Amino acid sequence: MPTRLGEKLRDLRKERKLTLEKLAERAGLSKSYLWELENRESQRPSAEKLTALGDALGVSASYFLEEDTRAPEERHLDEAFFRGYQKLDADAKEQLRKILNTFKKPS
């Protein structure tokens, strides 16, 4: 019987049209481990593995630990965006800031 974590993981994976194999590749985990997470009750992944899954699916690791089974909220998407931003080099960050400035409404 899957856990809430397993349900959330499967739902997000399918929503993003990823196979177990593709998600495993993106997260640096094995396909069989992901299957276990989605389908078995006894799995307790480490924070590192949850972070890798969150990064691969565009949510924060905390999303998997919350009791709420709804789709990720805006804050989860923002957290994942900022984690990705922090990994960029200085030039890429500057380019992204310029792009974001084009969306600002004139005062």
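Buried means under 20% relative accessible area, exposed means over 50%, and partly exposed lies in between, using a 1.4 Å probe and protein chains only. Keep these words in mind at each stop.

The model is predicted: local features need pLDDT of at least 70 and side-chain atom pairs count only at pLDDT 80 or more, while totals for chains, interfaces and linings use all residues. Residues are numbered from 1 along each chain as its sequence is written, and side-chain values use heavy atoms, with hydrogens and water left out.

**Stop 1: a salt bridge across the chain**

Select Asp 55 and Lys 87. They form a salt bridge, with the closest N and O atoms 3.1 Å apart; the term means a side-chain nitrogen of Lys or Arg within 4 Å of a carboxyl oxygen of Asp or Glu. The two residues are 32 residues apart, linking distant parts of the chain: Asp 55 is in helix H4 and Lys 87 is in the loop between helix H6 (74–86) and helix H7 (90–101). Helices here are DSSP runs (H or I, at least four residues), as strands are (E, at least two), numbered from the N terminus. Asp 55 is partly exposed at 33% relative accessible area, whereas Lys 87 is exposed at 62%.

**Stop 2: salt bridges within helices**

Side chains of opposite charge can pair when their charged atoms come close. How many salt bridges does a search of the whole structure find? There are eight.

Go to helix H2 (residues 20–27) and select Lys 22 and Glu 25, which are three residues apart and so separated by about one helical turn. Their salt bridge has its closest N and O atoms 3.5 Å apart. Lys 22 is partly exposed at 35%, and Glu 25 is exposed at 58%.

Next, select Glu 94 and Arg 97, both in helix H7 and three residues apart, about one turn of the helix. Their side chains meet in a salt bridge of 3.0 Å, N to O. Glu 94, at 34%, is partly exposed, and Arg 97, at 37%, is partly exposed too.

Then select Arg 10, Arg 13 and Glu 38, which are linked in a network of salt bridges.

**Stop 3: aromatic rings**

The structure holds two aromatic pairs. Rings of Phe, Tyr and Trp (its six-membered ring) pair if their centres lie within 6.5 Å; planes under 30 degrees apart count as stacked, over 60 as edge-to-face and the rest as tilted.

Select Tyr 63 and Phe 64: this pair is edge-to-face, 5.7 Å centre to centre, with 65 degrees between the planes. Tyr 63 is buried at 4%, and Phe 64 is buried at 3%.

Move on to Phe 81 and Phe 82, an edge-to-face pair at 5.6 Å centre to centre and 75 degrees between the planes. Here Phe 81 is partly exposed at 39% and Phe 82 is partly exposed at 48%.

A charge sits over a ring if NZ of Lys or CZ of Arg is within 6 Å of the ring centre and within 35 degrees of the ring normal. Lys 49 lies over the face of Tyr 33, at 4.4 Å from the ring centre.

**Stop 4: Ser 60**

Select Ser 60, in the loop between helix H4 (47–57) and helix H5 (62–65). Is Ser 60 buried or exposed? At 3% relative accessibility, Ser 60 counts as buried. Leaving aside neighbours within four places in sequence, Ser 60 is in contact with His 76, Glu 79 and Arg 83, where contact means heavy atoms within 4.5 Å.
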